[in-house]
Amino acid sequence: MTQDSLLPDDPEPEGAGMPLALEPEPEPDDSPPARVLAEGARSLGDLRATAAGCRACHLWRDATQTVFGEGPAEERGAVRMVLIGEQPGDSEDVEGRPFVGPAGALLDRALVDAGIDRAQTYVTNTVKHFKWTPKDVRGPGFRGTGKRRIHAKPNAEEISACRPWLDAELALLRPELVVCLGATAAQALLGKAFRVTRQRGEVLDGPGGYRYTATVHPSSVLRADDATRAAAYDGLVADLRVAAQVLAAA
Ligand code: URA
């Protein structure tokens with residue numbers, strides 16, 4: 001488009017009559033679903049490398065990178081427990097590793113207090129891209145470029161688009177126990193009717209033939225008010241102790 005075509009007396013400037021678009025319309029994704037991408041992977045390394053280019057839903061557009069699962073025992077084939085969160089947060093999105101921000105620090109402390117050796121675990125998320133909205137810096141309704149990125153809950157479509165990665169991680173790791181951290185992971189794996197508030201700390205059989213348990217998300221402990229935070233933390237540790245006992249009895 002030449003500079004002239006932008007002059008107001010241009011009889012038919014490009015886009016005439018169209019509402020002003022504040023953001024470019026996303027192009028439709030025609031990339032393969034995660035299921036197809038994950039199919040060929042023979043190792044976690046393969047899977048991780050393939051997932052790095054995942055475009056199976058739109059979340060990759062606003063995220064820095066795919067945040068895949070990881071665990072120190074992975075290379076030795078010694079993962080006994082897989083812990084599954086919701087999705088990476090701001091710090092995880094930047095670092096490219098799960099649970100490295102404030103919720104991760106709290107989780108690490110709770111694992112130690114529950115007697116779980118983090119070296120035997122693998123930590124991952126239900127959704128592997130950070131979903132966020134800009135912080136509303138100018139009052140209600142403003143969706144501009146605030147500096148803070150606020151976590152937004154992944155929807156059913158995003159969770160299901162990402163699911164093949166989680167299934168493939170579990171299939172390669174074959175853990176003795178899967179621990180769902182919070183309702184998103186628990187309901188994705190154990191069904192919509194699962195209620196963390198009522199069923200936390202129970203051990204049950206679930207998809208893939210694995211044993212499962214669920215507890216609250218570490219972020220919910222961070223969000224608890226001063227009066228309830230200590231009890232919320234103790235509850236998380238108590239549920240993780242159940243998980244530790246399952247491994248001890250195996
Ligand atoms: N919350 C999650 O669910 N996962 C992370 O990796 C970090 C925060």
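Reader: How many residues of the shell around the ligand are nonpolar, polar and charged?
Author: In this predicted model, four of them are nonpolar, seven are polar and two are charged.

Reader: What makes a residue in that shell count as polar?
Author: Gly is put with the polar residues, so Gly-85 and Gly-89 both land in that class. Those two are among the residues that come nearest to the ligand, along with Glu-86, Pro-98 and Ala-103, out of 13 around it. Glu counts as charged, while Pro and Ala count as nonpolar, so Glu-86, Pro-98 and Ala-103 fall into those classes.

Reader: Why is helix H6 called mostly covered?
Author: Buried takes 20 or more other C-beta atoms within 10 Å of a residue's own, and six of the eight residues in H6 (183–190) are buried. Those are Thr-184, Ala-185, Ala-186, Ala-188, Leu-189 and Leu-190.

Reader: And what covers the buried residues of H6?
Author: The cover includes strands S1 (81–85), S5 (177–181) and S7 (211–215), plus helices H5 (156–173) and H7 (196–199). Just after H6, by the way, Gly-191 takes a positive phi of about 105°.

Reader: What makes strand S2 mostly covered?
Author: For S2 (residues 121–125), the count of buried residues is five of five. Thr-121, Val-123 and Asn-125 point one way, Tyr-122 and Thr-124 point the other way, and all are buried. In a regular strand, side chains alternate between the two faces of the sheet.

Reader: How do you know that S1 and S2 pair?
Author: Pairing needs at least two bridges, and S1 and S2 have five, in the parallel sense, so they qualify. Within that pairing, Val-82 stands opposite Tyr-122 in S2.

Reader: Which residues of the largest nonpolar core touch the most other members?
Author: Val-82 is one of them, together with Cys-162, Val-178, Val-179 and Cys-180, in a core of 56 residues. H5 gives this core its largest share, eight residues. As a general point, nonpolar side chains in soluble globular proteins tend to be buried together.

Reader: What does Cys-162 touch, leaving out residues up to four places away in sequence?
Author: Touching here means C-beta atoms within 7 Å, and for Cys-162 the partners are Ala-34, Ala-56, Cys-57, Thr-126, Val-127 and Lys-128.

Reader: Zooming out, how many helices and strands does the protein chain have?
Author: Nine helices and seven strands. Buried residues make up 36% of its 250 residues. Of the contacts between residues at least 6 apart in sequence, 68% join residues at least 24 apart.

How values were computed:
Residues numbered from 1 in each chain as written. Predicted model: local features only at pLDDT ≥ 70, side-chain atom pairs only at ≥ 80, totals over all residues. Near = placed C-beta within 6 Å. Buried ≥ 20, exposed ≤ 12 C-beta atoms within 10 Å, placed from the backbone. Helix = DSSP H or I, 4+ residues; strand = E, 2+ residues; numbered from the N terminus. Contact = placed C-beta atoms within 7 Å. Core = buried A, V, L, I, M, F, W, Y, C linked by C-beta atoms within 7 Å.
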